[in-house]
Amino acid sequence: MWLRYEHMFASPTPLPARPELNQDLVARVRPLAAASSRRLPLLSALHPLLGDGIQRGSSTVVVAPRGGGGSTLGLTLLTAASSAGHWCGVVGLHDPGVMAMADLGVDLRRVVFVAAEGGRSIEVAGELTDGVDLVLLALRSPAPYAAARQLLARVRDRRAALVVVTTVERHWPIGGDVEIRVSDSTWTGPEHGHGCLTGRRATVLVGGRRMGGAPRRHTLWLPTAEGEIALMEGA
Amino acid sequence: MERLVAVLATELSREGEGGEEVRQFAELLGIVETICPWVTPIRLGLCTFPVRGPSRLLGGDSAVLAAVRMDLERAGFVVRLGIAPGLFAATVAAERGAIVGEGELEAFLAPLDVSVLERPDLTRLLPRLGVRTLGAFADLGAREVYARFGPDALSCHRVASGEEGELPGRRDPGIFRRLRAVGGGEDATSVQQGFDGGTDRLEQRAAMVATRLQQRLGSASVMVARPRGGRCPSDQGAFVPFGGLSPAVSTTVPPWPAHLPAPAPTTVYVDPHPAQLLDAGGAPVVVLRSGLLSATPAVCVLGEGRPRSLDAYGGPWPLVERWWGAQRRRARLQVVCSDGTALLLIFENRQWWLEAVYD
């Protein structure tokens with residue numbers, strides 16, 4: 001017989017499974033990163049290269065040959081910050097691929113894309129620092145020294161962080177706190193008509209004012225077959 | 001500058017006491033939305049949508065206007081419609097029932113009276129200086145306009161010369177809130193409120209800057225991305241103008257058959273660029289009806305650029321789909337150039353196009 005009081009709560013039929021939570025809603029109620037922290041979060045795969053965050057007020061310059069992975073690397077710097085609740089702005093990047101950004105892990109709900117060219121793009125990047133924590137500026141032409149300095153001052157003042165992506169190193173006239181250079185890259189996958197692109201191996205040199213010492217060499221998957229970024233083991 | 005259809009319902013532009021106009025405007029948006037999902041309410045009685053997609057679908061600009069007019073008249077709305085690049089010209093075109101093509105903007109704006117700028121100070125001063133039309137105003141140098149009339153007039157000058165699409169301050173920032181208050185505006189405005197009914201502080205800060213930039217550069221210059229299902233990289237995501245607070249973007253992509261395996265290209269051209277694919281002898285390579293290449297490709301030429309030799313290629317993968325009734329045959333090819341760049345080419349109508357770059 002059912003004598004113990006626990007049995008009063010025992011259910012003769014198994015309880016229905018908890019309903020699946022709407023993932024959008026889960027993302028919305030998750031506590032957001034503190035606006036006052038000194039670093040913006042960085043994808044953990046990049047910690048061995050750049051440390052465990054992007055310093056507020058700093059500039060990161062990504063130099064890669066045309067089609068050599070600059071967009072992939074630049075957008076990757078936005079992934080952890082956007083997922084943690086920081087708004088990001090992207091200026092001057094032509095026709096970015098939405099699928100690729102989603103695969104890299106960019107939270108597209110918090111990224112604003114602004115179409116602007118040349119001198120205006122630098123001006124817009126400065127204006128964006130009023131509203132977002134991380135600004136990605138894709139340069140197609142040389143930035144005037146005065147405008148670049150003004151932008152860096154504004155980034156420091158607003159405690160935002162700047163990522164400059166360029167194909168020609170001298171387009172950005174001021175050395176970055178962190179500088180990432182993609183020196184060479186090789187795609188794997190297709191051969192003569194067989195297979196499709198599965199990943200790109202890229203060698204990057206990481207240096208810059210804040211990194212100290214001689215530039216260090218790393219080998220990355222940029223991206224892997226899953227569209228993410230990973231450090232190559234044993235390289 | 002993006003060509004827009006402006007839908008102008010003058011009767012609804014002034015709000016009466018009962019708020020009936022807001023409710024009717026929301027209903028109007030719902031009807032226009034069945035023709036194009038990217039309808040943006042500008043202010044009470046005025047909304048716009050980009051004409052490119054619907055025009056391709058329905059077969060021409062006038063067909064789009066006819067469809068909008070028919071649907072709205074059936075519901076009892078009296079509207080004026082027009083098409084032009086940018087919000088300012090589109091609104092003026094709607095008042096005059098005009099359709100302005102891509103390169104015809106300057107010719108359309110030039111003969112207009114300066115009073116269309118709706119700036120009493122300029123309207124009073126400019127005719128006294130002998131400047132009666134937007135064309136004459138645009139002919140003045142930007143430096144002179146700035147010196148004589150101040151920074152505010154500079155945006156009018158840019159609009160008059162067709163450089164910028166809209167005048168600042170012509171959008172009603174409260175329109176989303178008012179539409180939401182009567183319900184029904186939610187879908188039309190792609191605005192979603194936060195969990196607690198409000199929006200967080202970071203979001204408001206970002207929205208303020210985005211709206212400010214939108215007023216200066218035009219609404220189509222400040223965008224948010226939304227993933228969606230599709231087979232080609234160009235179908236897999238869309239950019240929509242940043243609209244109000246908290247754009248409702250889903251982070252999950254619905255499954256879609258036959259899309260390319262990851263990694264996805266990081267640059268996806270909205271307008272594909274023509275490309276050439278040649279074999280080792282310099283003859284063009286095409287995709288045969290069998291779905292195979294006519295020869296082994298060795299060189300790729302993008303537009304007028306220098307030839308790049310190829311290291312590897314994958315494909316072609318044929319892609320046959322029924323696109324609005326007409327069968328569309330395409331084939332995709334991934335190529336890796338010897339300089340290390342990887343490209344996605346697409347073959348359609350005996351022509352290669354550069355669709356995307358794996359940057």
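**View 1. Buried residues of helix α5 in chain A of a predicted model**. Helix α5 of chain A spans residues 118-128, where helices (H or I, at least four residues) and strands (E, at least two) are DSSP runs numbered from the N terminus. Ser121(A), Ile122(A), Val124(A), Ala125(A), Gly126(A), Glu127(A) and Leu128(A) in this helix are buried, a term for a relative accessible area under 20%, with exposed meaning over 50% and partly exposed in between (1.4 Å probe, protein chains only). The cover over these residues includes, from chain A, β4 (88-91), β5 (111-114), β6 (134-138) and α6 (145-158), and from chain B, α12 (201-217). This is a predicted model, in which local features need pLDDT of at least 70 and side-chain atom pairs count only at pLDDT 80 or more, while totals for chains, interfaces and linings use all residues. Residues are numbered from 1 along each chain as its sequence is written, chains are lettered from A and ligands numbered from 1 in the order in which they are written, and side-chain values use heavy atoms, with hydrogens and water left out.

**View 2. The crossing of α5(A) and α12(B)**. The two axes, lines fitted to C-alpha atoms over the stretch in contact with angles from 0 to 180 degrees between N-to-C directions, come within 10 Å and cross at roughly 150°. The helices α5(A) and α12(B) are therefore roughly antiparallel, the term for angles over 145 degrees. Contact (heavy atoms within 4.5 Å) involves Arg120(A), Glu123(A), Val124(A), Glu127(A) and Leu128(A) on α5(A), and Val209(B), Arg212(B), Leu213(B), Arg216(B) and Leu217(B) on α12(B).

**View 3. The surroundings of Leu333(B)**. Leu333(B) lies in strand β10 of chain B, residues 326-337, and is buried with a relative accessible area of 0%. Its C-alpha atom is separated by 4.7 Å from that of Pro316(B), 17 residues apart along the chain. Leaving aside residues up to four places away in sequence, Leu333(B) touches Leu277(B), Leu293(B), Tyr313(B), Gly314(B), Gly315(B), Pro316(B), Leu343(B), Leu344(B), Leu345(B) and Trp352(B).

**View 4. Cysteines in a structure with zero disulfides**. A disulfide is a pair of cysteine sulfur atoms within 2.5 Å, and the structure holds zero of them over all chains. For Cys300(B), the closest cysteine sulfur is in Cys337(B), 5.4 Å away, which is too far for a bond. Cys300(B) is buried, with a relative accessible area of 0%. In chain A, Cys88(A) is buried, with a relative accessible area of 0%.

How values were computed
Parallel < 35°, antiparallel > 145°, perpendicular 65-115°, else oblique.
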